[in-house]
Amino acid sequence: MELKSYQKEALRALEDFLHRVGAYEKDLPNFLDQAFREVAARYMENPPPYLEPKGLEGIPYVCFRIPTGGGKTLLAAHALAPARRFLGQDAPMVVWLTPTEAIRTQTLKALKDTRHPYRQALEQALGQVRVMDLQEALALPPGDVGAVALVMVATLQAFRVEETEGRKVYEENGHLMGVFDLLAGSVPEDKLAPPEGIGRYSLANLLRIMRPIVVVDEAHNARTPLSFDTLARLEPGVILEFTATPREDSNVLFAATAHELHREGTIKLPIELVVLKDQEAVLQAAMAKQKELEALAQRGREYLRPIVLIQAEPRRGGDPYTWEKVRAFLLERGVREEEVVVSVGERDDLTGQDLLSPSSPVRYVITVDKLKEGWDCPFAYVLASVRPLKSPTAIEQVLGRVLRMPGARPKEQEALNKAYAFTVSENFWEAAETLREALVLEGFERYEAERAVRTVGLGLEERIHLEASPSPLALAPLGPKVEYDPKVRVLVIKEPLNPSERAVLRQALAEKDRQKLPHTVRTPSEEGRVLEVPLLAWHGEPLEVEHFLEEGWSLAGRDAHLDFVPQPLGERGEIGLDGGRVRIARLERLDQAGRLFGSHVGWTLDSLALWLDRHIPHPDLPQEETLPFIYRALGELLGRGFTLEDLVAEKRQLRNLLEAKIRGHREAAQKEAFQRLLKDTPPNLGTITLRLEGDYFPPNPYRGAYDFQKHFFPVIADLQDGTEEFQCARLLDGLEEVEFWVRNYPTWRHAFRLPYPGGNFFPDFLARLRDGTLLVLEYKGKHLAHTPETYEKEAVGQLWAQKTGNLFLMVRTLDGLNAIYQAVRR
């Protein structure tokens, strides 16, 4: 299962964060906060300070916000690789915590199945792996510790001392004595001795010795003092949270947006909402939609059988439309009995069902409040509720079921890329707002939820959900053109507003509500226009940094010197009497990295070199290149007086030093190839077209007071009033020669990019001039105006302009804005 772009970006963020933690730990007292802010600043404005729960100080503890349907479990499995490298463990212990027993069972089953993508991701991240439950961990064979990666799946509750199962975790355990006997010769006694309340031969003591990687699924459920105390007893090395709705005190390192999930084809959007006043009409409409979608699905190349989730009324008061009535209605209208299953209370027809199988006949699933926990069926396309939508929490879980896209990829038939909701209600807008609030509970940003629900049959009125109530006096000058309902906080624009009226309305609203106002003129993307931008390409693919070295490069002749300094953990000695005098003898140095789970006896120079080669990623270099380089580096160290035992004991430090050395040489080779590219453009360098179209929901939209008129999309990304970039944007917006412009944003999957030796370069603005020419504009403030990196970016921008016949402009400081006038009026 291939990772999506936002998942890859999340992994890059984690890798970078942990790298910075390791680099800053010895020098900065606030190393976690510094590393967190530097990485999180790429994805959010002014990231909050890093918070360290009591008992977990000094431990990297970060959260990933992934909306429902975004593949949290797959991402978590892949995230174990950078965590393992950070801890320097060949065969780590992973404690995978789930919020409920049902989700634990589902996760355990998937991770144990060697054919499942989750298990394959585990093996890719950890190598040889053993997945187990808590009972299996309590009887862990000694031979597994340090030999294979261990992944234990449990609920957080299972580690709480108050629970019976939790007490087993902390109690003495005869089954594990063999494991501790194995560790006795390699782990210092003070490390083996547990804190009060934990048995010496207990599973909890083994975990704390191994410094486990802890994965917390649905982490918003695990942010209580009791949960933190439980985690602290495990003494983890790294804690990784994954949730759609993080708590405010979570250290959110990376947040994917629902729009990114939609762009990647993992969720169905928009949700088309139809509100009817009759319950049977709701069911008939849902049945018709199911038949329509199934007919479309049969035209496609992949198997897909759209399913309707029906939310019945609970059996209490009056004459409710219960699941029995819903089922009877379906059967009376020709639905076959085997096509309907019920998941209500103690009745659960879903048990044992494989709804994705072509042999399954199921097309309707009836529930009341909640489906079976962990149930996931991307064939669910239609939500039909025969009770009014008044509580977001009442439909949150069911709604999440219809968001997931089958196969996590877009479909050929556009109708199969959307979800559908039919509900009974006397108040259309109350139902729409409830649906939007439920999306917020599923991890959508509020402005994303506003746009994700497509209401059917609205006429000409504009209705906007506000977060803050405006003053009636402030709205009074607009007369009957505008109405506001304070009960549901909905603003209704009944007639088009002229520019002065629109200005009055903007002033009446809170700043956070202003971006929700409809545009006076539809933006080009809303009109269905497409902006085509040429990208530099190599053999028909977007040019990337890796292409600079496509013809290969060599380590031959490059410097192999390493700044190697052994890092002792301490020394072990002996104090005794010798002839009546006190004698102190040093027995051995306790090294930091190498002697925790095994002896160094039996290592040779060849086996060390091969170990290092296997543990250093070098997909662009064959072993015939890397092994001689490693031998040169080791030989130089032996020549400086270090022993082979010294090198073996510090093999993880050597790996890190060698990896950094090779990375540095790779970057130098990229710079050399980049200069050759600029000097002599090769025939393989061409262009391909990037198409910008449709909706765009950036993670941090512009919320300022200035009303831009020419932005290509209705929402502008990453722009703040008064900044230097804002001045550039306002100038572009006001130029007669500019037809429209786009604020380019790095984490957007369709962002325009140019490669240079340091990675990908994302210019700040794209503008289409009225004569059809494209202007690419990058702004650099005074502190970055004349760095080597800036000149490299300018060089590749000019190469793009030369190759495509367009314009590239590097503006240095606000004093250089006049260059924009000169460029567009050439």
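User: Which residues do ring pairs link into a cluster?

Analyst: The model is a predicted one. Rings count as paired if their centres lie within 6.5 Å. Pairs of this kind join four residues into a cluster: Phe708, Phe726, Trp741 and Phe765.

User: How many aromatic pairs does the structure hold?

Analyst: The cut-off on ring centres is again 6.5 Å. With it, the number of aromatic pairs in the structure is 13.

User: How many residues apart are phenylalanine 564 and phenylalanine 642, which form an aromatic pair?

Analyst: The two rings are edge-to-face, with 4.9 Å centre to centre and 80° between the planes. Phenylalanine 564 is in the loop between strand E20 and strand E21, while phenylalanine 642 is in the loop between helix H22 and helix H23. The pair thus links distant parts of the chain, and the separation is 78 residues.

User: Is phenylalanine 564 buried or exposed?

Analyst: Buried means under 20% relative accessible area. Phenylalanine 564 has 3% relative accessibility, so it counts as buried.

User: At what angle do helix H1 and helix H2 pack?

Analyst: Helix H1 covers residues 5–24 and helix H2 covers residues 31–40. Their crossing is right-handed. Residues making the contact include Phe17 of H1 and Leu32 of H2, and by class the contact has nine nonpolar, one polar and three charged residues. The axes are 9 Å apart, and the angle is about 150°.

User: Over the face of which residue does lysine 268 lie?

Analyst: A charge sits over a ring only if it is within 6 Å of the ring centre. Lysine 268 is at 4.4 Å from the ring centre of tyrosine 381.

Key. Residues are numbered from 1 along each chain as its sequence is written. This is a predicted model: local features need pLDDT of at least 70, side-chain atom pairs count only at pLDDT 80 or more; totals for chains, interfaces and linings use all residues. Side-chain values use heavy atoms; hydrogens and water are left out. Axes are lines fitted to C-alpha atoms, for helices over the stretch in contact, and angles run from 0 to 180 degrees between N-to-C directions. Helices (H or I, at least four residues) and strands (E, at least two) are DSSP runs, numbered from the N terminus. A crossing is left-handed if the near helix is turned anticlockwise from the far one by less than a right angle, and right-handed if clockwise. Contact means heavy atoms within 4.5 Å. Ala, Val, Leu, Ile, Met, Phe, Trp, Tyr, Cys and Pro count as nonpolar, Asp, Glu, Lys and Arg as charged, and the others, Gly among them, as polar. Rings of Phe, Tyr and Trp (its six-membered ring) pair if their centres lie within 6.5 Å; planes under 30 degrees apart count as stacked, over 60 as edge-to-face and the rest as tilted. Buried means under 20% relative accessible area, exposed over 50%, partly exposed in between (1.4 Å probe, protein chains only). A charge sits over a ring if NZ of Lys or CZ of Arg is within 6 Å of the ring centre and within 35 degrees of the ring normal.
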